[in-house]
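Work through the exercises below with the structure open beside you. Try each task before reading its solution.

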Amino acid sequence: MTTTAHDQAPAGLEGGRLPWRVGDLVFYALTAAASLATVGLVVWLSYKVVAQASGAIQKFGLSFIWTVAWDPVKQNFGALDFIYGTALTAFIALLIATPVSIAIALFLTELTPRWIRGPVGTLVELLAAIPSVILGLWGILVFGPWIAQHLEPFLERRLGFIPIFSGDPSQAGMLPAALVLTLMIVPITSSLCRELFSRVPRDLSDGALALGATRWETIRGVSIPYAGPGIVAAVLLGLGRAFGEAIAVTQVIGAGSGFPTSLFEPADTLASRIASEYQGAVSGLQIDSILYLAAILLVISLITNVAAQAVVRRFERSRGKIA
Amino acid sequence: MSSFDVTVRSAGLRRRRIVQRVLAIVATLCALAAVTMLGIVIGSVAVKGGSSLSLDFFTKPRGLYGVPGGIADAIVGSALIVGIATLIAVPIGVLVAIYLSEFASKGIATFVRVVLDVMNGIPAIVVGIFVFGVLVTGRGQSALAGSCALSILMVPMIARATQEVLALVPGGLREASLALGVSRWRTVLGVVLPTVTGGIVTGTVLAVARVAGETAPLLFTSSIAANAVNLDVSQALPTIPVAIFVYSESADPHEQALAWTSALVLISFVLVSSVMARALSARSRRKLTGGH
Amino acid sequence: MKKTALLIAALTCATVSLAAAGVSGAASDGGSKATAGTLTGAGATFPFPLISKWIPAYDQASGTQVNYSPIGSGGGIAAITARTVDFGASDAPLSPDQFTACKGCVQIPWALSATAVIYNIPGAPQGLRLTPALIAQMYLGSVTKWNAPGIKKLNPGVNLPDLKITPVYRSDGSGTSYNFTDFLTKTSPTWKDKVGTGTSVSWPTGVGARGSAGVTGVVTRTDGGITYADVAYALTNKLKFARVQNQAKKFTLPGLRSINAAASSVGKVTGNGEISIVNPAKSQPLAYPISTFTYALAPTASPKADELRKFIYWAITSGQKFGPALLFAPLPKQVLAFDYKQIKKIQAST
């Protein structure tokens, strides 16, 4: 329960707020300044990132977003290749991560005795603590080769008729990138879902069980609908993480371009293209175009984040929680 | 709550039980898979990194082409950059949290919380670009710029953690202090904050564990550095995540070994900090909420 | 209460004094980026093996510690333009626009070597024969298997497997890319039309990696991979590289003799010092067609002018003796003459 100092009038001083001393004013000013500075920083950052891209925005306008091109020689740039790469890798990662995260969350809240939940839950969350550069290192030297030697040939044999699983195996490509992203999203989404499921009121699920439903039917009929919007928010937050990941992705995605139809082929996301080209871009227009990519990435992340927050706030309000 | 639809038919009971069991197995497998992946990643790092551990590794700076070196300079650089970032982020994060829990009206508090969550979601590489545009352009790279970038990532985490523990402080504590005539600021600093130091430390340690491994912001602010242990924070300093990033793409087995060993050092630090922070958090929560 | 307040105060003081120390350190140096007796440079990965030999030797000879970050030619050009470093290094010569942006920079060719075409074909020997047209086709995506008839015809007796060709290119701004694409542009009209020359181009197909280290790394792990990098990287990592056909229709390997032959066509060096020796005329039958000079980039007004002049002079004279072991050929006399003049242009800034 949240109480703030200024809500409560101490006994003996009813009918008015506590008088403010000089120290209080200074302190208030300090904390307010910190908050103002923080909000100001976010605003400044958003403005600056977009302003830095203004050279390219002026040259290409909004059509940059749907242009397929990245030619430093002909000085023609467009973002669609990377929006495609970002969307596809994030989508595949989400496709795998969402059911797996829900399953893990359910495992931890419904299926295990209490003494297992702690350690296993911590282990899953520790996956989130692994720095992305280390996941990328492992991806280049261990996971990528394994994918090229075992997973991709297997997928090609069994599912090769589907375009996204066709083609020659490659150590670097969208599939390793999507799988690495999955490893990053799962701990985030599963720990959020775990919190949601643990808050499902006991009497609701007990009631269903008393009516003869199996555990799974209770979960499907009670827990998941109850936690529904929260799960959506958790998925959105995972998506935001996937969009913004630059380092691990650039290590395993192979810096390709174009619109590869197969997941085996190299590609690039917005974040990974920025990471690989920014330091060495030599023409002003190329630098500005990379900054334009950064602005697009920022906008996408902001939208995803705000959407997740909006879902959470509506969800909590409908559950009667204090915002 | 959506309508709850379960038809109890004994004829379908066996089928439902089978579905139940299958899904339970699937859920268990998923959890096992996650834990296994964790084990594989950490195992790879431990095995490959551990096999090339040597004293040289910790005492020598980065070498030249074909000359094996170590990560002494990167360890020092990382420690300095993360340390300064913490010194910047903790006061700001704590002050913001105090504002939110002690002074802000409901509307403003919600607004600031939204902004903090937004800040948390800004990709690290965009933060790097921002700090590059503000602090590096025209001036050159520096460890201080790197610290500023990392502190931008840390502030929302510390603010949120501090805010959560401040919310757990019983209102009666504040009331008692105010009733005794203690001024607001002394109440917060002297009565409220000391009870939540554990939570603040936890939040800080978790934030440190997170930014210790951040590479993208440092690529823009502190990546062209000397091959020597250097304490001058007005210059770019080598860091462990950037070292791992550079070595990971190399063909030279020596450099790959350096990458693995650096990864081992980093991951040990991150995991130990995370586990300690969680243990600390569990303990301080128990203290605050009276063992619940 | 007192303790917490003191703690907060102490933390703030610590931050401020640390920051102040850092800032005052920079101010007292007069804005230079390192303490006296050091030079900081960044740029091409191509000459990094040679520069790595220069650094300890020059430290011994003069007491000046040189630091070099191999971030790619593009990064080097950007760094010297922003004066983030004392000198830059690039295999790609600066364009007129880049010279303008650099606001007073000199370009000094300080090493000479070749870009090897490196491949990883299990069972294939060293020195596979390739023509410029074939290499272009591989990178354009029109030749996709190693047992393509064109390659087999050039290499009778070599057992070429039915293996996919994976072209590997530099994803960062690279002078080696510039050299390689310059070569392809001058030898393949299709390449010239579709892609062109640059430190960064729109590669039609293949996999990208950062740095000469990165591309050689990918090729060691990819059967069927082919890439381009300074020949020193091929030697150090024991990778096989190709014999490339020159204009005299001879297949040559990158080596001191073939690099010298390519450089012998250089006349008097004028202007900015940009020298292109790719695809030399057929009057040089021994030449390796993908040879290149690599340049140091220094500001004409620098707080470290004295140290820079001394270092670059040492590099083009005494430093050259470290070259041959890494297949860096000695600089021709006319290039040296040009360099001496360029070095004089580095003056102390006021």
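A residue counts as buried when its relative accessible area is under 20%, as exposed when over 50%, and as partly exposed in between. Keep in mind that this is a predicted model.

**Exercise 1. Burial of a helix**

Task: Find how many residues of helix 5 (residues 132-140) of chain C are buried, and say what follows for the helix.

Solution: 
- Step 1. Apply the cut-off of under 20% to each residue. The residues that pass are C:P132, C:L134, C:I135, C:A136, C:M138, C:Y139 and C:L140.
- Step 2. Count them against the helix length.
- Step 3. Look just past the end of the helix. There C:G141 has a positive phi of about 90 degrees.

**Exercise 2. Cysteines**

Task: Determine how many disulfides the structure holds over all chains. Then classify the cysteines C:C102, C:C105, B:C30 and B:C148 by accessibility.

Solution: 
- Step 1. Search for sulfur pairs within 2.5 Å. The structure holds 1 disulfide.
- Step 2. Name the partners. C:C102 and C:C105 are linked, with their sulfur atoms 1.8 Å apart.
- Step 3. Read the handedness. The angle about the S-S bond is -60 degrees, and the link of C:C102 and C:C105 is left-handed.
- Step 4. Check burial of the pair. C:C102 has a relative accessible area of 1%, so it is buried. C:C105, at 10%, counts as buried too.
- Step 5. B:C30 is in no disulfide, and the nearest cysteine sulfur, that of A:C193, lies 12 Å away. B:C30 is buried, at 14%.
- Step 6. Finish with B:C148. Its relative accessible area is 26%, so it is partly exposed.

**Exercise 3. The second largest pocket**

Task: Describe the second largest pocket by its volume and its lining. Then follow A:V282 to its contacts.

Solution: 
- Step 1. Take the volume. The pocket holds about 1,200 Å³ of space.
- Step 2. Go to its centre. Of 48 lining residues, the closest to the centre are A:A281, A:V282, A:S283, A:I287 and C:A78.
- Step 3. Sort the lining by class. It has 23 nonpolar, 20 polar and 5 charged residues.
- Step 4. Trace the helices. Those supplying at least two lining residues each include helix 11 (284-318) of chain A, helix 5 (124-136) of chain B and helix 3 (73-81) of chain C.
- Step 5. List its contacts. Leaving aside residues up to four places away in sequence, A:V282 touches C:G74, C:I77, C:Q98 and C:T199.

**Exercise 4. Strands of chain C**

Task: Which strands pair with strand 8 of chain C, and in which sense, parallel or antiparallel?

Solution: 
- Step 1. Strand 8 (residues 225-230) has 6 of its 6 residues buried.
- Step 2. Take strand 4 (residues 105-120). It pairs with strand 8 in the antiparallel sense over 6 bridges.
- Step 3. Take strand 6 (residues 166-170). It pairs with strand 8 in the parallel sense over 2 bridges.
- Step 4. Find the bridging residues. C:I226 is the bridge partner of C:Y119. C:I226 is also the bridge partner of C:P167.

Conventions
Residues numbered from 1 in each chain as written. Chains lettered and ligands numbered in written order. Predicted model: local features only at pLDDT ≥ 70, side-chain atom pairs only at ≥ 80, totals over all residues. Heavy atoms only, no water. Buried < 20%, exposed > 50% of the residue type's maximum accessible area, 1.4 Å probe, protein only. 1 Å grid on protein atoms, 1.4 Å probe; cavity = no way out; pocket = protein on both sides within 12 Å on 5 of 7 lines; lining within 4 Å. Points joined across faces, edges and corners; volume = space filled by probe spheres on them. Helix = DSSP H or I, 4+ residues; strand = E, 2+ residues; numbered from the N terminus. Nonpolar A, V, L, I, M, F, W, Y, C, P; charged D, E, K, R; others polar. Contact = heavy atoms within 4.5 Å. Pairing = 2+ DSSP bridges.
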